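Q: Can you walk me through part of this structure? I'd like to start with how some of the strands pair up.

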Amino acid sequence: DQTRINAFAEATEDRQWIHLDPDRAARESPFKTTVAHGFLIVSLAPMLFEQMLKIEEVRFMVNRGFDQLRLREPVPCGSRIRMRGTLRDLRPLRNESKRAVFHIIFEIEGISRPAAQGDFVVLYYARERKSPTNLRK
């Protein structure tokens, strides 16, 4: 919604009128409304991942970014979006941690072309395991 778009514009200092001025967008934009920043859509990936899958035995995760990220279609203000993802690669790291690569696609309801897509790289750090010397007798 426009409130979220405005907040993102302030946080990133990207205050282009196509995102912030609904009246001007209605007159001058080919979309006839404001559109969300592409990076706003992509920044929703961690939150949407929490809704999509449950990862257990993880102490914390680190977003390493995107490979092959493409912003393909503008997202008009008020649109409903969803994200789908497919695990592309999972590799072990030290200490039982993992590096995962998910191919993700952001879809806009009612529009056939995706808003964005790319490979989302995440590091999952395993919970520390208690060694037998730390256990009470």
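Q: How many bridges join β5 to strand β6, residues 116–126?
A: Nine bridges join β5 to β6, and the two run antiparallel. Strands here are DSSP runs of E with at least two residues, numbered from the N terminus, and two strands pair if DSSP finds at least two bridges between them. This is a predicted model, where local features need pLDDT of at least 70, side-chain atom pairs count only at pLDDT 80 or more, and totals for chains, interfaces and linings use all residues. Residues are numbered from 1 along each chain as its sequence is written, and side-chain values use heavy atoms, with hydrogens and water left out.

Q: Which residue in β6 is the bridge partner of K98?
A: Y124 is.

Q: And what about β4, how many bridges join it to β5?
A: Strand β4 (residues 81–92) is joined to β5 by 11 bridges, again antiparallel. L87 of that pairing stands opposite F102 in β5.

Q: Is β5 largely enclosed or exposed?
A: Largely enclosed by the rest of the structure, because nine of the 11 residues of β5 (residues 98–108) are buried. Buried means under 20% relative accessible area, with a 1.4 Å probe and protein chains only; exposed is over 50%, and partly exposed is in between.

Q: New topic: where is G118 found?
A: G118 is in strand β6. With 0% relative accessibility, G118 counts as buried.

Q: What is G118 in contact with?
A: Leaving aside neighbours within four places in sequence, the contacts of G118 (heavy atoms within 4.5 Å) include F66, L69, F102 and I104.

Conventions. Helices (H or I, at least four residues) and strands (E, at least two) are DSSP runs, numbered from the N terminus.
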